[in-house]
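Let's take a friendly tour of a protein model. Have a look at the picture first, then read on.

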Amino acid sequence: MKKKDLDWGSLGFGYVSCDYRFVSNYENGAWDEGGLTTDNTLVLSECAGVLQYAQTCFEGLKAYTTEDGRIVTFRPDLNAERMANTCRRLIIPELPEGRFIEAVEKVVKANAAWVPPFGSGATLYIRPFIFGKGPVIGVAPSKEYQFRVFTTPVGPYFKGGVKPITIRVSDYDRAAPRGSGHVKAGLNYAMSLFAIVDAHAKGFDENMYLDPETRTKVEETGGANFLFVTKDGTVVTPKSPSILPSITRRSLMYVAKEILGLKTEEREVYFEEVKDFAECGLCGTAAVISPVGKINDHGKEICFPAGMEKMGEITQKLYDTLTGIQMGRIPAPEGWIHEIA
Ligand SMILES: Cc1ncc(COP(=O)(O)O)c(C=O)c1O
């Protein structure tokens, strides 16, 4: 198969319409079989549930070309499970896990020419989503839905090397206590736009959200979970009912404990203790780990010892091990690598 003639190294994180997408509809109480289409547009009722009451959810994962030329995805079963969990919270009919994985396989296979080659640093981002398409005017769940999966090639998250970022403690909340922070609902991201635009305007890369109930504990950022490393080398990640359970974070905690033999803790992390950590990183599908060099708390700075030039030592080890597993250089724990072609 001949790859598309793209300058893979200069791709950013944007939408490039690939040849195929997968579409399945839910009507009369059941999901249809669905299939591939080349049509990248939609015609919707002006009264669709997604447009009126934001009844929509999504997932994000990637397809990689391994060193030996296979096309693989990373733990898609966890994306399927998380999407089903989100659906339950939004009264969207669940899509069986097998159907989710099958759709991902079909769309990646059909777009194999768009999967960036090994060594380019680029990957194929996969975006599954479900939205209410039936008309609703009284506030209620829609009766009809569409599940769609498209792909877009994305560039290396860190061009020209990984540089630590600066984040600020946000005065806005991302999620309410007992709200929807633990699921991947589109509405959570609409709510975070004001805070991220404001953070960028003030020169910060991201927001650190604190727990909305007491504002004393670390939650996450708008698109990634936190990992901290203590001065004696323990990897710590915040536990909270209102953060999204990041698949990257869960994988990194496993790598830390089972592969690197480090001590790990998933527990409440008070903002007060952040100044005592040696390293800080943000983890998610997009970047695996983005090192945080500095946190600005209303003008007061917390600077991590690794500084603003490079990742901390343990963050680097975690990053190298997980990307090694994803690219096929390091043997993967059972079930982590899902081969597509
Ligand atoms: C709010 C939020 N937290 C964390 C993550 C990281 O999750 P994952 O590692 O599954 O990409 C994401 C991205 O999906 C996110 O949107």
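## Before we start

This is a predicted model, in which local features need pLDDT of at least 70 and side-chain atom pairs count only at pLDDT 80 or more, while totals for chains, interfaces and linings use all residues. Residues are numbered from 1 along each chain as its sequence is written.

## The whole protein

The C-alpha trace spans about 55 × 50 × 35 Å along its principal axes. With 341 residues, a compact globule would have a radius of gyration near 20 Å, and the 20 Å of this protein agrees with that. (This radius is taken over C-alpha atoms, and the globule rule is 2.2 Å times the number of residues to the power 0.38.)

The secondary structure consists of six helices and 17 strands. Here helices (H or I, at least four residues) and strands (E, at least two) are DSSP runs, numbered from the N terminus. Of the 341 residues, 43% are buried, where buried means that 20 or more other C-beta atoms, placed from the backbone, lie within 10 Å of the residue's own.

## Two domains

Domain 1 covers 8-154 and domain 2 covers 165-326; such bounds come from an automatic or database domain assignment. Their centres, taken over C-alpha atoms, are 26 Å apart.

How many residues of domain 1 are in contact with domain 2? There are 19, and they meet 13 residues of domain 2. Contact means that the C-beta atoms of two residues, placed from the backbone, lie within 7 Å. On the domain 1 side, β4 (56-58), β5 (61-65) and α2 (76-89) each supply at least two residues, with α2 giving the largest share, six residues.

## A closer look at β5

Is β5 largely enclosed or open? Five of its five residues are buried, so β5 is largely enclosed by the rest of the structure. Leu61, Ala63 and Thr65 point one way, while Lys62 and Tyr64 point the other way.

β5 pairs with β7 (residues 123-132) in the antiparallel sense over three bridges; strands pair if DSSP finds at least two bridges between them. Leu61 stands opposite Ile126 in β7. β5 also pairs with β6 (residues 71-74), again antiparallel and over three bridges, and Thr65 has Ile71 as its bridge partner there. β5 and β6 form a hairpin with five residues between them, and Gly69 in the turn has a positive phi of about 85°.

## Around the ligand

The residues surrounding the ligand include Gly60, Glu220, Asn225 and Arg249; each has its C-beta atom, placed from the backbone, within 6 Å of the ligand. Helix α5 (residues 247-259) gives the most to this shell, with three residues.

Terms used: Buried ≥ 20, exposed ≤ 12 C-beta atoms within 10 Å, placed from the backbone.
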